Amino acid sequence: MNMAALVRFSCLLPGRLVIIRLFMIVTLLRPEVSMALLPAIEMQTQAQPDAAVIWLHGLGADGNDFAPIVPELSLPEDLRIRFIFPHAPKIPVTVNGGYVMPAWYDIAEMQIDKQVDVAGLMASVAAISALIDRELERGIAGQRILLAGFSQGGAVAYQAALTYPETLGGLLVMSSYFATGGSIVPDPVNEKLSIEIHHGLHDPVVPEQLGRQALKRLEAIGYHPDYKTYPMEHGVCPEQLHDISQWIQKRLRK
């Protein structure tokens, strides 16, 4: 089984995947801004954004994987959001025979929650924390910064959001697992962080049981996540898009 499974936008019309609303601005991070930052795709729903969503892709994908979803969220035009879709570095992935691909950390075996590459995961957490730092420097308040992650990106998002030393606005994890759930020491400033977990009931890549385990671990350490399931495999469906949109609006409405 190839673990480099990409998100299947089966719910979206192919012709719409490349449609971006005219008021959106799409750019690549310029090297002169900071060579230390991960390269990323940026999209602004309006000029002068006052909120940010940093969205991490899954294994074998890149930032382009989720960028087409932004217009599909049908967010109100008065929400001024900067979406950031970073690209994971390309590294050899053991479970795929050492094939070099975008990955937030190495995967050693098919049971993805075993033998976690903690060092690699923590390196990605540091890189995502740097992106959060930059949004603060750009004038975005921490409470208006949301972190989202799909599959392997979700595992990084758990660690990054819960341990970030300033209060964030929320965490959305999709089709993922809590790779560091047994060792994480959350920062007290984010002890009341809004967490939403989504998972497909028929996911063959990250079994839904791992999503449930993440929920139980979060509850055990004092969080109260919302957990939603969908009749899908390892991907995104229309009902979920609606729920994501509602969650973003709830977190960022003034």
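**A working chat on a predicted model**

Q: What does the secondary structure of the protein come to?
A: The protein has five helices and ten strands. The model is a predicted one.

Q: How much of the protein is buried?
A: Of its 254 residues, 56% are buried.

Q: What share of the contacts with a separation of 6 or more is between residues 24 or more positions apart?
A: Such pairs account for 71% of those contacts.

Q: Turning to the helices, how far does α2 reach from its first C-alpha to its last?
A: Helix α2, residues 118-137, reaches 28 Å with its 20 residues. That is close to the 28 Å expected at 1.5 Å a residue.

Q: Which residues of α2 are buried?
A: The buried residues are G120, L121, S124, V125, I128, S129, L131, I132, R134 and E135.

Q: Why might residues three or four places apart in a helix point the same way?
A: An α-helix has 3.6 residues a turn, so residues at that spacing point the same way.

Q: What do the buried residues of α2 pack against?
A: They pack against the strands β2 (40-44), β3 (51-56), β4 (81-86) and β7 (145-150), and against helix α3 (152-163).

Q: What comes just after α2?
A: G139 follows there, with a positive phi of about 100°.

Q: Which phi does S151 take, positive or negative?
A: S151 has a positive phi of about 55°, although S151 is not a glycine. S151 is in the loop between β7 and α3, and counts as buried because its relative accessibility is 8%, under the 20% cut-off.

Q: And what is the phi of S175?
A: S175 is not a glycine either, yet its phi is positive, at about 50°. This residue is found in the loop between β8 and β9.

Q: Is S175 buried or exposed?
A: S175 is buried, with 0% relative accessibility.

Q: What does S175 touch, beyond residues up to four places away in sequence?
A: S175 touches F150, S151, H198, H199, G200, D203, V206, H234 and G235. S151, described above as having a positive phi, is therefore one of the contacts of S175.

Q: Where does P186 lie?
A: P186 lies in the loop between β8 (170-174) and β9 (195-200). P186 is partly exposed, with a relative accessible area of 25%.

Q: What is P186 in contact with, leaving aside neighbours within four places in sequence?
A: The contacts of P186 are L162, T163, I221 and Y223.

Q: On to pockets: how much space lies in the largest pocket?
A: About 210 Å³ lies in the largest pocket.

Q: Which residues lie nearest its centre?
A: S194, E196, D226, W247 and K250 lie nearest the centre, out of 16 lining residues. The elements that give two or more residues to the lining are β9, β10 (226-230) and α5 (238-252).

Q: Which element gives the largest share of that lining?
A: Helix α5 gives the largest share, with five residues.

Q: What span should α5 have?
A: Its 15 residues should span 21 Å at 1.5 Å a residue, and its end C-alpha atoms are 21 Å apart, which agrees.

Q: Which residues of α5 are buried?
A: Q240, L241, D243, I244, S245, W247, I248, Q249 and L252 are buried. Among them, W247 also lies nearest the centre of the largest pocket together with S194, E196, D226 and K250.

Q: What about the contacts of Q240?
A: Q240, in helix α5, is in contact with M174, H198, Y230, M232 and G235, leaving aside neighbours within four places in sequence. The relative accessible area of Q240 is 0%, so Q240 is buried.

Q: Last topic: where does A214 lie?
A: A214 lies in helix α4, residues 208-220, and is buried, with a relative accessible area of 1%.

Q: What does A214 touch, not counting residues up to four places away in sequence?
A: A214 touches Y158 and F178. The C-alpha atoms of A214 and Y227 are separated by 10.0 Å, and the two are 13 residues apart along the chain.

Notes: Residues are numbered from 1 along each chain as its sequence is written. This is a predicted model: local features need pLDDT of at least 70, side-chain atom pairs count only at pLDDT 80 or more; totals for chains, interfaces and linings use all residues. Side-chain values use heavy atoms; hydrogens and water are left out. Helices (H or I, at least four residues) and strands (E, at least two) are DSSP runs, numbered from the N terminus. Buried means under 20% relative accessible area, exposed over 50%, partly exposed in between (1.4 Å probe, protein chains only). Contact means heavy atoms within 4.5 Å. On a 1 Å grid over the protein atoms alone, a cavity is a set of points where a 1.4 Å probe fits but cannot get out, and a pocket is an open set with protein on both sides within 12 Å along at least five of seven lines; lining residues have an atom within 4 Å of a point. Grid points are joined across faces, edges and corners, and a volume is the space filled by probe spheres set on the points. The expected span of a helix is 1.5 Å times one less than its number of residues.
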